[in-house]
Amino acid sequence: MSSVRPAPDAGPPRAPAPVRPARSRPRPLRLGRGDRLFLTVIVGVPLLALLVFVWLPALASIGLSFTTWDGIEPGDIQWVGLDNYREIFTNYPPFWPAVQHNVVWLLFTALLPTPFGIFLAYHLDRKIRFTRFYQTAVFLPMVLSLAVVGFIWEIIYNPDNGLLNGVLNGVAPGHHIDWLGDPDLNLWAVLIASAWRHTGYIMILYLAGLKGFDPALKEAASLDGANGRQTFLKVVFPALKPVNIIILVVTVMESLRAFDIVYVLGGGVGSKPGMELLSLLITDNIIGESSHIGYGSALAVVLLLVSLVAIGTFLAQTFRKEDQ
Amino acid sequence: MTMQSRITPVTGHSRRSVVRGTLGIGAAALAAPLLTACGGGPSSDPKTVTFGSNGADATPKSAYAELTGAFTKDSGLKVKTNTVDHDTFQKSISSYLQGTPDDVFTWFAGYRMQYFAKKKLAHPIDDVWDSIGSGFSDAAKQLSRGEDGKYYFVPLYNYPWAVFYRKSVFKERGYAPPRTWGEFTALAKQMRKDGLSPIASGYGGGDSWSILGAFDYLNLRANGYEFHMSLMRGEVSWTDRRASRTLDLWRELSPYYQQGAGGRSWQDAAQSLLDKKSGMAVIGLFLGQQITDEKLRADIDFFAFPEIDPSFGQDTVEAPTDGFMLSRRPKNPEGAAKLLEFLGSAQAENLYMGVDPSNVAVHSKADTSGYNPLQKKSAELIASAKHITQFGDRDSDPGFISTVVLPGLAQWLGHPDDGSALLKKIESQRSRFFTA
């Protein structure tokens, strides 16, 4: 912009240089036209992408949730108002079990693997022997792809020659437990597989936080006569608030979007009795040979609302505290 | 000073142009899917036909390769095969057909074919049938027509469902193949006494479809073909007294099922039959794909599903038919028609059966001299049937079956108590799938 002349060795002083102070005085035009164009592009393109690929589909889903459509001819879309929602809440057998399972999933994950991951992190952070080995071992499931995790647990849960039934048979012969087939049992079987993965994830997050923790605080606590538990609960845990928030968000999100491992262990065809989840019901209705786009969209909107309520409450609380 | 003033703008520009370049690529990537969606796809090559295949397993894959290879030799047209895993193919069929599908694709006869014909996602192929029609029976023709009476489908093979067993087990223990329901349940009882799992069973994971075979047969034998088909097409209520009779019969049978069925694959269930741990299996001829030791094949036999109501006898055979369809706007219509004509010929069927012997050819002029005893018996069973059904999820709306009926039946089979609650649940969803 500034170099007007094309000659490469354009002599001593550059022409526009003296103008600069004058230009900066009238405030509004600090950016040149090129810069503004550049900014427009660099902000505009991602914004456009966000609108087209995230917000448009989201809004379209909300719109479609009031219609019935087989997903083929756009002309076949029929407005049905709140019918889909009424059907879902009053007359869709897998819906309430799915809601219940989502809640169970959230509570289970928040109460067992998450604290356990923190527990492991806290202990592995101390300089015990083989700590690297333990850390790697616990984190390993997180490195595997979900398909592999599914295969591993399928082998463990196989009713005929699986590891678990083999061990059971050795201890008390004659017992035959159908881990993934029994509707009263399979959700828990899947939750354990998911916890196996989740623990390592939480552990690594918390370890990262602990690495940045100021040891002087711990020293001060022990000088004051705090024991191990008191040090953790009163000093370390509150001081790691940012990490705690991340862990909470991760746990809630993972529970609401739980899908993949259930899908894999359920055989990859959709929801199975005992393992219904909202995310699975959505794909049940939308993906497949005869799709019910409107119905599936209504389910998706329900999940969206639930997620928004969960995330919204959480964000509101965090920000309110931060403002004070 | 001069150095500085020369260098700064240069680096500034280059950094900016790098970003600009990246943005350009990003924008192009974003636009790409839109462009391909608008255009008619890549320019079509008149010497090439594209073929979408769901035969991803080793045996069907090499069998299809044999077919397309022979066609290329005959016609000089190249076939570009696009193979997708069986379950994925089925699940994404709807979006596949709306996008840029291959010219010719594998699919199933029955309601499932008619659904896509009705939605205009397939192209009628009456002209193809003008030349291949003479090779097929009326039943096969019936199976290949849409609701509008036009042809949409070229059948390749079918395979019957029946009750399979090992001859040596029956001989050792002195069992006789049962013909009636009473004999059947008595045999199952005896097997359990002898320490066998009477009926091999595995419907875990993605295999819950495999229980439909038993449901279809129970319903067909107890209530007849007409009622079964109306039930499948959503024309009668699922709370009908006859449907609950079917579940009552099933409950009678369920104690004889192999334990832990909800977590087992059909392959493992079939294996337990081959290992002589189970006595019988209600399954299709594709059970043969599970046999790795060829000597074993001669020891496998089957009997038709037993009679329940004498007025219907054993008049219906469940024999799903697989074949091919033409996509709605083929890129190479002439070439695709030629390929379909070839696939509808006796020669194509012979080539296919030569590689994959666990099916039976549909073409009436197909060479059956190379059939193994199981194939021969299957062909006879199908030929003697008064009615041929396709399969629960092919005779009905597959969405209804896979999201309502199957989960319901699978859950009920775990605790087969009174079926009326289940039937009420299924019935409450029927109108969502079958509206005029």
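How many salt bridges are counted between chain B and chain A? The count is two, where a salt bridge means a side-chain nitrogen of Lys or Arg within 4 Å of a carboxyl oxygen of Asp or Glu. This is a predicted model, so local features need pLDDT of at least 70 and side-chain atom pairs count only at pLDDT 80 or more, while totals for chains, interfaces and linings use all residues. Residues are numbered from 1 along each chain as its sequence is written, chains are lettered from A and ligands numbered from 1 in the order in which they are written, and side-chain values use heavy atoms, with hydrogens and water left out.

**Where the two chains meet**

- Chain B and chain A each bring 43 residues to the contact, and contact here means heavy atoms within 4.5 Å.
- About 3600 Å² is buried between the two chains, with carbon and sulfur atoms giving 54% of that; buried area is the accessible area (1.4 Å probe) that two parts lose on being put together, summed over both.
- One salt bridge to look up joins A:Asp70 and B:Lys119, whose closest N and O atoms are 2.4 Å apart.
- On the side of chain B that touches chain A, at least two residues each come from α1 (2-38), α3 (86-91), α4 (93-98), α5 (111-118), α18 (398-414) and α19 (420-433) of chain B.
- The biggest giver to that side is α1(B), with seven residues.
- Sorted by class, that side of chain B has 14 nonpolar, 19 polar and 10 charged residues. Ala, Val, Leu, Ile, Met, Phe, Trp, Tyr, Cys and Pro count as nonpolar, Asp, Glu, Lys and Arg as charged, and the others, Gly among them, as polar.

**Chain B in outline**

- Chain B has 19 helices and 12 strands. These are DSSP runs numbered from the N terminus: helices are H or I with at least four residues, strands are E with at least two.
- Of its 436 residues, 55% count as buried. Buried means under 20% relative accessible area, exposed over 50%, and partly exposed in between (1.4 Å probe, protein chains only).
- Take the contacts in chain B with a separation of 6 or more: 77% of them are between residues 24 or more positions apart.

**Aromatic rings**

- Over all chains, the structure holds 49 aromatic pairs. Rings of Phe, Tyr and Trp (its six-membered ring) pair if their centres lie within 6.5 Å; planes under 30 degrees apart count as stacked, over 60 as edge-to-face and the rest as tilted.
- B:Phe89 and B:Tyr96 make a tilted pair, because their ring centres are 5.5 Å apart and their planes sit at 55 degrees.
- Both partners are buried: B:Phe89 has a relative accessible area of 3%, and B:Tyr96 has 18%.
- Ring pairs also link up a cluster in chain B, made of B:Tyr165, B:Phe170, B:Tyr175, B:Trp181, B:Phe184, B:Tyr217, B:Phe303 and B:Phe305.

**Salt bridges within chain B**

- Over all chains, the salt bridge count comes to 16.
- B:Asp301 and B:Lys377 form one of 2.9 Å, N to O. The pair ties together distant parts of the chain, 76 residues apart: B:Asp301 is in strand β8 (residues 300-303) and B:Lys377 in helix α16 (residues 373-384).
- In that pair, B:Asp301 is buried at 14% relative accessible area, while B:Lys377 is partly exposed at 32%.
- B:Asp248 and B:Arg251 also form a salt bridge, with the closest N and O atoms 3.4 Å apart. They are three residues apart in helix α11 (residues 241-253) of chain B, so about one helical turn separates them.
- B:Arg242 and B:Asp240 meet at 3.1 Å, N to O; B:Arg242 is partly exposed at 33% and B:Asp240 is buried at 19%.

**Two single residues**

- B:Ser272 belongs to helix α12 (residues 266-274) of chain B and is buried, at 5% relative accessible area.
- Beyond its neighbours within four places in sequence, B:Ser272 is in contact with B:Ala200, B:Gln258, B:Lys277 and B:Ser278.
- A:Gln100 lies in helix α4 (residues 95-111) of chain A and is exposed, at 52%.
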